[in-house]
Amino acid sequence: MIEDHVMRLGTDTAGYVSLGDITSLNDYRVVIAKRDGGNKLRLIVWDFDDNGNLTRRGTGTAGNVSQLSITALSSSRVVIAKRDRGGNLRMNVGREQVCA
């Protein structure tokens, strides 16, 4: 049965964002890619449980960005496509190294 609404379970914040994308590594972990106030790419790993409790597991940065997209390659690897300040496409592959 498909419900016609979504009940919010948990909420947290992670600072200023002017552009963002999200990908799932598994049923309880996501990675958010965002452009912060300094136009830097920031990656944030979040865990959550069945009750909606959110836990920020780690943060990393990866240079200037004007556009971005992120997708999971596996349960521990992501690829980020970004446009750098020179207008060039850059692909970054990363391994999520946050301990459970």
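1. The strands β5, β6 and β7 form an open sheet of 3 strands, in the order β5-β6-β7 and with antiparallel pairing. At its edges lie β5 and β7, each of which pairs on one side only. Direction ignored, neighbouring strands of this sheet are turned against each other by 15 degrees on average. Note that the model is predicted.

2. On the β6 to β7 pairing: strand β6 covers residues 77-83 and pairs with β7 in the antiparallel sense over 7 bridges. For orientation when viewing this pair, I80 stands opposite N92 in β7.

3. On confidence: the protein has a mean pLDDT of 86, with 90% of its residues at 70 or more. Confidence is highest in strand β5 (residues 67-72), at a mean of 95, and lowest in strand β7 (residues 89-95), at 88.

4. On the second largest pocket: its volume is about 180 Å³. The lining consists of 13 residues, and those nearest the pocket centre are D12, T13, A14, I32 and W46.

5. On where that lining comes from: β2 (29-35) and β3 (40-48) each contribute at least two residues to the second largest pocket. The largest share is that of β2, with 4 residues.

Terms used:
Residues are numbered from 1 along each chain as its sequence is written. This is a predicted model: local features need pLDDT of at least 70, side-chain atom pairs count only at pLDDT 80 or more; totals for chains, interfaces and linings use all residues. Side-chain values use heavy atoms; hydrogens and water are left out. On a 1 Å grid over the protein atoms alone, a cavity is a set of points where a 1.4 Å probe fits but cannot get out, and a pocket is an open set with protein on both sides within 12 Å along at least five of seven lines; lining residues have an atom within 4 Å of a point. Grid points are joined across faces, edges and corners, and a volume is the space filled by probe spheres set on the points. pLDDT is the predictor's confidence in each residue, from 0 to 100. Two strands pair if DSSP finds at least two bridges between them. Axes are lines fitted to C-alpha atoms, for helices over the stretch in contact, and angles run from 0 to 180 degrees between N-to-C directions.
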